Structures are given as structure tokens and as C-alpha cells.
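Dear colleague,

I am handing over the structure that follows, together with some notes on what was found in it. Please keep it open beside this message while you read.

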Amino acid sequence: MELIQIMKNRRSIRKYTGDKIPRDKLNLILQAGLLAPSSKNIRPVEFIVIEDKNILKKLSKSKKAGSGMLSGASCAIVVIADTRKADAWIEDCSLAMGYMLLMAESLGIAACWVQERLRKTLLGKDSGTYVKELLEIPDYYEVEAILSLGIAKKVEEPRIWDETEQCKIHWENF
């Protein structure tokens, strides 16, 4: 499948069958994240793979809203960065997330970006701090997001981009 079609097909999927993701596909998703560009090739981004249902359930409470799907996910990839290494860690994490989202789509694995940075739990605690404490992540790391993964209960229709989107493209000046 061409990359542009993968991009059109990619949707945020929040409901999963509960079936396990084959390890070879999970490894390809992780490899895609590691292949993402990094500012100055410093590569501060690291991943924590979570398959334990109890931990996934706890991660589903990491935000006021928008993290509930983690309790039904087959697994999740917590995307973190060593902030001692790079000042562009947010961008590096975001690129890794984007690459993993596209790889998951190309493999038929449903995925959803769960933003953690600058979010709060139901009790008002910082979401990143909640995740760091739960997973025993050192203080000098920051949590950017969690990639929720599973087998989709329902396949969404691809996005249809028509000519109206062309108005968002500017040539030479605004």
C-alpha cells in the first residue's frame, strides 16, 4: 500500500477486540519509532511497552478524559525522553509517535495517541507525574504520550480529502 493511502486510512481507534497483537508486528511498530528522525541525531526517546492488563487499567486513569481506551488495549507504548540529552525532546517524541502510528496502520493494528504532557488526572495531578510514579520512571525523563494499540472492533472509513483542504496550502507567502 502506498504511504499516502496509509495516511488516509489512519484513524484514532479507541475500541478493541482484546485480541493480542502478534509480537512481530509489535516489534515493527517499535522499530518504526526508533527510526524516526531526531534533532541533531541525539535520540533521547525511549519506549516502555505495557501488556499487563492491571497496568493498562491504571494507565487508563492517567487523564481526566481521553485515556479510557487503554483499559481495553492489547498493549500500550509509553513514549518518554531523557531531558538531559536534548532540548527538542517533545518534537523527537512526537515524530516517534507519528512513525509508530503509520506503521501500526500499515500492519492493520488499531492505534490512538494518548497525550500525557500538559494534562491532568481526575484528581488534578499532573498526568506525566502519575505515569512516571506508576512505571518508576526517573525524574529526568518526561512523558510525552502513550500509544494505545489493539485490534479494532470496527474498521473506520478512510478520510476523504477534497479540494477544500487545498486552501490550507500557501505558496511563497500567507
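Where is K40 found? K40 sits in the loop between α2 and β1, where helices (H or I, at least four residues) and strands (E, at least two) are DSSP runs, numbered from the N terminus. Before going further, please note that this is a predicted model, in which local features need pLDDT of at least 70 and side-chain atom pairs count only at pLDDT 80 or more, while totals for chains, interfaces and linings use all residues. Residues are numbered from 1 along each chain as its sequence is written, and side-chain values use heavy atoms, with hydrogens and water left out.

Most residues other than glycine have a negative phi. K40 is exposed, with a relative accessible area of 73%, whereas R43 is partly exposed, at 39%; here buried means under 20% relative accessible area, exposed over 50%, and partly exposed in between (1.4 Å probe, protein chains only).

As for the chain as a whole, its secondary structure comes to five helices and four strands, and along the sequence these follow the pattern α-α-β-α-β-α-β-α-β. For 174 residues, a compact globule would have a radius of gyration near 16 Å, and the 17 Å of this chain agrees with that; the radius is taken over C-alpha atoms, and the globule rule is 2.2 Å times the number of residues to the power 0.38. The C-alpha atoms fill a box of roughly 45 × 40 × 35 Å, taken along the principal axes, and buried residues make up 40% of the 174 residues. If contact means heavy atoms within 4.5 Å, then among contacts between residues at least 6 apart in sequence, 78% join residues at least 24 apart.

Which residues of α4 are buried? They are W89, D92, C93, A96, M97, M100, L101 and A104, and these buried residues pack against α2 (23-35), β1 (45-50), β2 (75-82), β3 (110-115) and β4 (141-150). L102, also found in helix α4, is partly exposed, with a relative accessible area of 23%. After α4 comes G108, whose phi is positive, near 80°.

Finally, Q115 is found in strand β3 and is buried, with a relative accessible area of 14%. Not counting residues up to four places away in sequence, Q115 touches K63, E144 and A145. The C-alpha atoms of Q115 and D139, which are 24 residues apart along the chain, are separated by 19 Å.
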